[in-house]
Amino acid sequence: MASMLSLHGVRTFYGLVEALRGVDLSVEQGEIVTLIGANGAGKSTLLMSICGSPRPSHGRILFEGEDIVGLPTHAVIRRGIAQAPEGRRIFPRMTVLENLQMGAVAAAAVDFDGNLARVFALFPILAERKTQRAGTTSGGEQQMLAIGRALMGRPRLLLLDEPSLGLAPKLTEQIFAVIAQINRDQGVTILLVEQNAFKALSVAHRGYVLANGRIVLTGGGAELLANKEVRAAYLEGGHGGGKG
């Protein structure tokens, strides 16, 4: 059976700088797959390349069998991919509800109320804050909003970029519990970039380690958690990287 998402020899540049150097990666339907690595490894670039900005210069990115390299970002989103980007990037002057409405553009209008109910069930605090300007909510609430906005499009593949960045441990626990719930209860496939390697590998079915734009290690989540090299680099005194 073909993978839901597969990358084959993907190379992405920023000017003359090669950020991704021939990346091969796959995500099967129903999986949570995590990508860990140090700062500047290329993790965020990989997620953005899937969405077409920046556009890979070489290689193929297949989503449900279709090569999506070259498609504009809005066309990628309409095929069933959504991203909650690093830094949340909510619309601070809009209300919480208006932000969620912005995420619904890829879904059928008749599904809006049901999609909104699902997001509010995952994040009840967003229902309480729905008329509040998003920029006045807490960091944790803004992260919930970023994930909720992505889910409003009813994606089949959800790309999460550093969902725990800057959050207190209690909120980090909550966010990861919701990630597992989205995957388990809603059947959403997830590709997760995360600086908290322990949490990421604990929730993931499989993982990849990215270093200097190349995949250097792959395995099951539990397998990578037990790997001595991974533990030394990302779990024992390290934190799994950040931007990248």
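Colleague: What volume does the second largest pocket have?

Modeller: The second largest pocket comes to about 160 Å³. Before going further, keep in mind that this is a predicted model, where local features need pLDDT of at least 70, side-chain atom pairs count only at pLDDT 80 or more, and totals for chains, interfaces and linings use all residues. Residues are numbered from 1 along each chain as its sequence is written, and side-chain values use heavy atoms, with hydrogens and water left out.

Colleague: How should I read "pocket" and "volume" here, and which residues line the second largest pocket?

Modeller: The search runs on a 1 Å grid over the protein atoms alone: a pocket is an open set of points with protein on both sides within 12 Å along at least five of seven lines, a cavity is a set where a 1.4 Å probe fits but cannot get out, and lining residues have an atom within 4 Å of a point. Points are joined across faces, edges and corners, and a volume is the space filled by probe spheres set on them. In this model, the lining of the second largest pocket includes Asn115, Arg118, Val119, Leu122, Leu151 and Arg154. Helix α4 (residues 112-122) gives the most to that lining, with four residues.

Colleague: How are helices and strands assigned, and which elements give two or more residues to the lining of the largest pocket?

Modeller: They are DSSP runs numbered from the N terminus, helices being H or I with at least four residues and strands E with at least two. The largest pocket holds about 640 Å³ of space. Its contributors of two or more lining residues are α1 (43-50), α2 (73-78), β6 (81-84), α3 (96-103) and α6 (139-151). The lining has 26 residues, and Thr73, Ile77, Gln83, Pro85 and Arg149 lie nearest the centre.

Colleague: How many residues of each class are in the lining of the largest pocket?

Modeller: For the classes, Ala, Val, Leu, Ile, Met, Phe, Trp, Tyr, Cys and Pro count as nonpolar, Asp, Glu, Lys and Arg as charged, and the others, Gly among them, as polar. The largest pocket has 12 nonpolar, seven polar and seven charged lining residues. For the second largest pocket, the lining has five nonpolar, three polar and three charged residues.

Colleague: How many cavities of 30 Å³ or more does the search find?

Modeller: One, across the whole structure. The largest cavity has a volume of about 30 Å³, and its lining includes Ser49, Ile50, Arg55, Pro56 and Leu71. By class, that lining has six nonpolar, three polar and one charged residues.

Colleague: Let's turn to salt bridges. How many are there?

Modeller: A salt bridge is a side-chain nitrogen of Lys or Arg within 4 Å of a carboxyl oxygen of Asp or Glu. The whole structure has seven. In one of them, Arg206 pairs with Glu31, with the closest N and O atoms 2.8 Å apart. Arg206 is in strand β9 (residues 206-211) and Glu31 in the loop between β2 (17-27) and β3 (32-36), so the pair ties together parts 175 residues apart in sequence.

Colleague: Is Glu31 buried or exposed?

Modeller: Buried means under 20% relative accessible area, exposed over 50%, and partly exposed in between (1.4 Å probe, protein chains only). Glu31 is buried at 12%, and Arg206 also counts as buried, at 19%. For another pair, look at Glu66 and Arg79, whose side chains meet at 2.9 Å, N to O. Glu66 is partly exposed at 32%, as is Arg79 at 30%.
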